[in-house]
Amino acid sequence: TQSWCFLDEADNEIRGREGMIKELRHLRPFFFLPALRTAKEQFSGQSTYWASFLKNKDINDATRQELEEELSQINQKIVDAHPSFNDVTEEVKRVSDFFVTVRQTDAVTVDPIPTDAYKVLRHTHMSLLTASGAKLPIHSHGEGTQSLSVLLLFMAYLKTRLQADIDGQAEPIIAIEEPEAHLHPNAVRAMWSLLDKLPGQKIVATHSGDILSEVLVQRLRRINRKDNTTDCKAIPNELLLDNKMRLFNHHVRRNRGELLFARCWLMVEGETDVSVFAECAAILGIDLHRKGVRIVECSQAGGTDIFIKVADALGIHWHLVADNDDGGQTYIQSAKNLLEGRPEREHISLLNYRNMDVLLCYCGYGEPYRDGVGRQKEAELEELEIDSIEYWEKIYEIICNKRGFSKPEAALRSIFDMKTAGPGGVPGELKDILDRVISLGEPNP
């Protein structure tokens, strides 16, 4: 149900004035460009935008008469060069034998092109050069070129024809669906500079992280279904200030804009955690992307609070996995302070071991780490029970201080061994975390 009400300066309803909606629409005209932008349709004589240029009668009379005389001459040259037309005209002249018509030599003519200048304009089309040098109509180019050409046509209309066609004071509201459709990734990022220059208010619906990377945080709105309603979420201006805004822009908006489309963030501390959870999910047959889950590395962004605050503001679920050390405890406490009454188990997991590397070792995948100890350090392991937690923690301490040893590489070798073992080889602790994260990411019914 729609209802309209106009208020005066004292907020009293104005009655008795018809046509106010029409006036409003002239001052704030609304335009919608759908995702399917075909040049054949938009560059036709029936299109609102292209037709506005074609129907604009701004040729002065003297020039028009001169052009029409030249068109008549061109017509005659074409007819003279094509003798077959004579056979047709001689037969058609016999129409006077059946009906009363004007009898004169030029009663029947063949006009290959209209001799009216404005009629010629109605059939005008636009062409673009291809990379090979061939000139083709826009509708014969690829989908990306067509989509971009329609947007640029629309921009030209808004800049030069809108106020002439609608109202001198018109300032539009523009809705554009998926401006990134069919475009090359490099062109997508450049697209925002075009959209930003459009006059009036822009409402852009996009599934592109590259588009988001160019938009100011304050302009972002996340539309999400919740039960039988639709939520519109935004990041409050006061949520991210100074350094926090800089960190968010660098680690999320500019480099990983797709994170803002997720239903749930699995927040982890480092590179190894990202690889392990991604591969464990794959081994278990879990498609994290289809489940709406994205893995977010937090350590480089200065902690978890930025991500948690942004996730809560935008309606994105989150789950934090932290190491069982001093740094992990700091992350845990920061997350607890932002729970606001929500169940801790749903949102926070503290590893049972010092970190992901030690967990892999203790769960049977420590050979790549043990290989990095070296003979000189083997004596430090002799008094420890093999495969005990103390044993693996000591190995971890040794490799951390060993120059040239790559922990991420060792983790990848461990993951390869886990793949060989199959779903049953995934540590139960990690499987349990993934189950909770998937549950959080389930869409509303």
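Start by selecting Asp387, which is partly exposed at a relative accessible area of 41%. Here buried means under 20% relative accessible area, exposed means over 50%, and partly exposed is in between, using a 1.4 Å probe and protein chains only. Asp387 sits in the loop between α17 (367-370) and α18 (389-400). Helices (H or I, at least four residues) and strands (E, at least two) are DSSP runs, numbered from the N terminus. Check the backbone too: Asp387 isn't a glycine, yet its phi is positive, about 70°. Most residues other than glycine have a negative phi.

Before moving on, a word about what you're looking at. This is a predicted model, where local features need pLDDT of at least 70 and side-chain atom pairs count only at pLDDT 80 or more, while totals for chains, interfaces and linings use all residues. Residues are numbered from 1 along each chain as its sequence is written, and side-chain values use heavy atoms, leaving out hydrogens and water.

Next, pick Glu340, in the loop between α14 (326-336) and α15 (344-347). Is Glu340 buried or exposed? Glu340 is exposed, with a relative accessible area of 71%. Its phi is positive as well, near 55°, and this residue is no glycine either.

Strand β6 (residues 222-226) and strand β7 (residues 229-233) run antiparallel, paired over 5 bridges; to pair, two strands need at least two bridges found by DSSP. Look for Lys226 standing opposite Thr229 in β7. The two strands make a hairpin with 2 residues between them, and Asp227 in that turn has a positive phi of about 55°.

Time for a helix: select α19 (residues 407-421).

Zoom in on the start of α19, where a side-chain oxygen of Ser406 comes to within 3.2 Å of the backbone nitrogen of Glu409. After α19 comes Gly422, with a positive phi near 85°.

Go on to His319 in strand β10 (residues 317-322). His319 counts as buried, at 0% relative accessibility. Its side chain makes a polar contact of 2.6 Å with the side chain of Ser349. A polar contact is a pair of N or O atoms within 3.5 Å; within protein, one must be able to donate a hydrogen and the other to accept it, and residues adjacent in sequence count only if both atoms are side-chain atoms. Neighbours within four places in sequence aside, His319 is in contact (heavy atoms within 4.5 Å) with residues including Trp265, Met267, Arg345 and Leu440.

Last stop: Asn249, in helix α11 (residues 243-253). Asn249 is buried, with a relative accessible area of 16%. Skipping neighbours within four places in sequence, its contacts are Val217, Arg254 and Asn255.
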